[in-house]
Amino acid sequence: MTTDLRFLSFLSIVMFIFQACQGPQKPAMLDRAVLEEAFIEFHEHSITKRRFGYDKIAPLIRNRTKAFQNEILGHSVEGRPVHALTYGEGGVKVLLWSQMHGNESTATMALFDLFNFLEGSDNDPFAELRSTIRQNLLLRFIPMVNPDGAERFQRRNIQHIDLNRDAIRQSSPEGILLREAREAFQPEFGFNLHDQNIYYNAQGTSRPATISVLAPAYNEAREINAVRSKAMKLIVGMNRVLQEEVPGHVGKYNDTFEPRAFGDNFQKWGTSTILIESGGYPDDPEKQYIRKLNFMIILNALYEIAVKRYEHFTEEDYFAIPDNDSKLMDLLIRNLSTEAAGYLYQTDIGIRRSEQYQNDTLFARGNVSDWGDLSVYYGYQELDASGMSLVHGKIWDKEMALADLTESTAWEMLQQGYMAVRIREQDKGKPYDLPLVLYSGDRARNMSPGLDNSADFYLEKAGELQYAVVNGFLIDLKNRSSTPLLQRVE
Ligand SMILES: [Zn+2]
């Protein structure tokens, strides 16, 4: 035996002992690229926007293959069906429910992507992954717990009840259905799927918490038992995928015990429960990228449950995930000069944009959310306005028809200091994507920005207008940058 070979056999014995000491070998992890390819191959093309009601998903439920068993659990207050879809032949039961808050649909979209994936052919490149899940798990999905809320794209159901505070009181039919679904199925794992607002960041960083995770507490003391521990470990595997895909964009949700909530009670009732909250990501107003992240981490988690890979992770790695913080603004302008009653000072201005729907079209409205020293905040977009002063926009009050306002006229007005234009009453509510504030009616538009007021003003340097902030959107007057969302005539 040569020295090299002796060394190799010595090494293999050492490796064997090392593995033996580690106990059963850790199953292979899923490659992030595989998860991404699965999304590209299988995502549901008929859903492209995050606002939709039951009518959108009804045909997608009806037309599933025999791989799924479809059951109507009951009906919402207004009589819309609440469906459960069941898949798999395995012994480990997993319940996944989405959209108990009607305007939180990001994960719902991902579930329909996942259904397409699970129905895929036994001959495709994902067949082994799919059969590992099918043979080991019994999955039950409730894709839309609150269809009446979804219809109006509102959080609560039509009784005004927050279903996630109705786990115990059981005042709503939807809340009763969800609790009964758990009791009937007795799942070992539960996925509680939500959206959070886009202003959450990973604590201490400017990165949005694009996904936040939580293994909810089951008591006030926030103790860790075997049930909660499994949820924590499963989250560690999901976080691994996310850190590769969107480094730093993960937050850990607050684990204060909420005695009325479903997640906390599921954990208490013995189901290892994982909360996923979809937050924000730059330039993703329809959350289609975040939908993909949901697909990837849920598929990864199902695989890791199927092969028990999560057992190799630690609670410490769960606690190492940064906490959620809420320090983001849509637009943060730092160090601009302004005055109040002749008193000159420097300030930061933080702007957040609320979303409004009209006929299924998404509009934004920018408001000043905070004013003063905002050095502890971050912005999706930030501008250091040192050396610049705030200037009020002028109003063009000769009434115009929206149709007569061309893009070049709009830019000319904006560059000459006219930011608001009065539009005839008939055009009220109409959408536009011009860099102006358009309003109708006789009352002059208030163009003085202030706390909780609309965010419309200019930034000037050495007597020249540099930037315009129109309805909360920053516009570079030199480069004619445009606004990413539609506005409407007010
Ligand atoms: Zn929610």
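Between which two domains does the largest pocket lie? I looked this up at the start. Domain 1 (28-325) and domain 2 (329-488) both give residues to its lining, so the largest pocket lies between them. The domain bounds come from an automatic or database domain assignment.

**Ground rules.** I am working on a predicted model, where local features need pLDDT of at least 70, side-chain atom pairs count only at pLDDT 80 or more, and totals for chains, interfaces and linings use all residues. Residues are numbered from 1 along each chain as its sequence is written, and side-chain values use heavy atoms, with hydrogens and water left out.

**Largest pocket.** I checked the term before using it. On a 1 Å grid over the protein atoms alone, a pocket is an open set of points where a 1.4 Å probe fits, with protein on both sides within 12 Å along at least five of seven lines; lining residues have an atom within 4 Å of a point. I noted a volume of about 970 Å³ for the largest pocket. Volume here is the space filled by probe spheres set on the points, which are joined across faces, edges and corners. I listed 36 lining residues, with R50, I198, P285, D330 and E355 nearest the centre. β12 (343-358), β14 (378-384) and β22 (473-476) each supply at least two of the lining residues. Strands are DSSP runs of E, at least two residues long; helices are runs of H or I, at least four; both are numbered from the N terminus. By class, I have 15 nonpolar, 10 polar and 11 charged residues. Nonpolar covers Ala, Val, Leu, Ile, Met, Phe, Trp, Tyr, Cys and Pro; charged covers Asp, Glu, Lys and Arg; the others, Gly among them, are polar.

**Second largest pocket.** Its volume is about 350 Å³. I found 22 lining residues, and N164, R165, Y253, L275 and E277 are the closest to the centre. β5, α9 (262-268) and β9 (272-278) each give two or more residues to this lining. β5 has the largest share, three residues.

**Zinc site.** H101 (ND1), E104 (OE), E104 (OE) and H194 (ND1) coordinate the zinc ion at 1.9 to 2.7 Å. Donors are N, O and S atoms within 2.8 Å of the metal (3.2 Å for Na, K and Ca). Their spacing along the chain is H-x2-E-x89-H. E104 sits in the loop between β3 (92-98) and α4 (106-118), and H194 in strand β5 (residues 189-195), 90 residues apart. I looked up burial too (under 20% relative accessible area, 1.4 Å probe, protein chains only). E104 is buried at 7%, and H194 is buried at 3%.

Definitions and conventions: Buried < 20%, exposed > 50% of the residue type's maximum accessible area, 1.4 Å probe, protein only.
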